[in-house]
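Here's a quick look at one protein chain, going from a couple of single residues out to the whole fold. Have the viewer open while you read.

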Amino acid sequence: MSEKPEIIVFGEVLFDCFQNGTRVLGGAPFNVAWHLQAFGDQPKFISRIGDDELGRMILSAMRGWHMDVTHVQLDPRHPTGKVEVTMIHNEPHYRITPNCAYDFISSETLFHLPRRSILYHGTLGLRNEGSRKSFSQLLQCCPESSVFLDVNLRAPWWKKEDVYHWLEKARWVKLNEHEIVQLELGHDDTKEAMVKLQQKFSLEQVILTLGEKGAMVLGRDGEFHHVVPEKADEFVDTVGAGDAFTAVYIHGLQAGWSIADSLQAAQYFASKVIGIRGATSNDPEFYKDFIQRFI
C-alpha cells in the first residue's frame, strides 16, 4: 500500500476582528491547517506575516499548537493581515485589509517540500501577483501533488478568469451555493451547475456547502451525495464553519475515506464549530469528541 500523501496548505493567515473588540486568529488556509494539526496530520503551512505584534502572536499560537512554522515568512515591510467581521442576521460580513504580508509570499523559502501531497489553497490568498507567482512555482516544485481548491469569493478580490485558471489546476474543488452562481456556469439548477463545473474543469469531486441545508458532493462517477446536519446543540456564529468542513474533508481524502463518510464527519465537525466564537479553538478538549468518534 502506498504511503499517505502529506498535506501542504498555502495562503493567508490573519486576525478576524469582531465588533466587541475580540481578535481571533483566522484566514481559511490557517483555519484548515490548525484543524488538521489537531487531527494529527501535521500539515506544512506556507504563509507570510508582518514583523509586528500580530505576527508574533501568530507564531506563538502556532508553536503552542505544535505546528511547523518553517514556511511562515517574516515580512519587514507589510503588516500582518486583518479582517473586520460584522455579524448581520447571524451571517459574517468581512472587510479585508489590502496589501498584507500574505499577499507577498516569496518562493525563496519554499524548500524541503514533498513532491507528492494534497496541496490546499484558496482564491483569496492569490489576489496579489506576488503570492500568485510563488504558488505557480510551488506547483512546479511539487509535480505529483493534487490540488484542493477552496473557492472564497470576497469582493472586490477576485476575477472569474482567475478562478477559472485555478480550477484548471485542481483535482477537487469546494465552494458554496452562492459562489457557484457567481461563477456564471449558465445553469439555474444547482446540480446541473455542479455537473457543468465538473465537466468544464475535469474535476474529480465538486463539493458544495449549503449552510443549514448541509452539503452535497458530486463524485467522478456522476453520483450525488448529500448530508443534512442535525440541529446544533449551541450556536454562536458561523465564522469558519466552511473551513472546519474542509479540514475534515481533506483528512478524509488523505485517509482514503468514502465520500459518504467524509461528508458525515465534515458536517458533524462544522456543526461543532458554530458553537464557538470564531473559526478555531486552542482547547484540545474541543477536538476530543470528534477525534474519538471519527479518527
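R277 counts as partly exposed, because its relative accessibility is 38%, and partly exposed sits between the cut-offs of under 20% for buried and over 50% for exposed. Keep in mind that this is a predicted model. You'll find R277 in the loop between helix 8 (259–273) and helix 9 (284–294). Leaving aside residues up to four places away in sequence, R277 touches F18, V24, V236 and D237.

Now for H251, which is in helix 7 (residues 241–255). Is H251 buried or exposed? With a relative accessibility of 6%, H251 counts as buried, because buried means under 20%. Its contacts, again not counting residues up to four places away in sequence, are L36, F39, D41, W257 and I295.

Next up is helix 9. Which of its residues are buried? They are F286, Y287, F290 and F294. Looking down the axis of helix 9, these buried residues fall within an arc of 70 degrees, so they line one face of the helix. On the face turned away from the buried side, helix 9 carries the exposed residues P284, E285 and Q292. As for packing partners, the buried residues of helix 9 pack against helix 1 (28–38), helix 7 and helix 8.

Zooming out, the protein chain has nine helices and 13 strands. A compact globule of 295 residues would have a radius of gyration near 19 Å, and the chain agrees with that at 18 Å. Some whole-chain numbers:

| Property of the protein chain | Value |
|---|---|
| Span of the C-alpha trace along the principal axes | about 50 × 45 × 45 Å |
| Residues that count as buried | 56% of 295 residues |
| Accessible surface | about 13900 Å² |
| Share of that surface belonging to carbon and sulfur atoms | 45% |

Contacts tell their own story: among those in the protein chain with a separation of 6 or more, 70% come from residues 24 or more positions apart. On the charge side, there are 30 positive and 39 negative charges, and their mean positions are 4 Å apart.

Definitions and conventions. Residues numbered from 1 in each chain as written. Predicted model: local features only at pLDDT ≥ 70, side-chain atom pairs only at ≥ 80, totals over all residues. Heavy atoms only, no water. Helix = DSSP H or I, 4+ residues; strand = E, 2+ residues; numbered from the N terminus. Rg over C-alpha atoms; globule rule 2.2 N^0.38 Å. Buried < 20%, exposed > 50% of the residue type's maximum accessible area, 1.4 Å probe, protein only. Contact = heavy atoms within 4.5 Å. Areas by Shrake-Rupley, 256 points an atom, 1.4 Å probe, with all protein chains shown as cover. Lys, Arg positive; Asp, Glu negative; His and termini not counted. Charge placed at Lys NZ, Arg CZ, Asp CG, Glu CD. Arc of directions from axis to C-beta.
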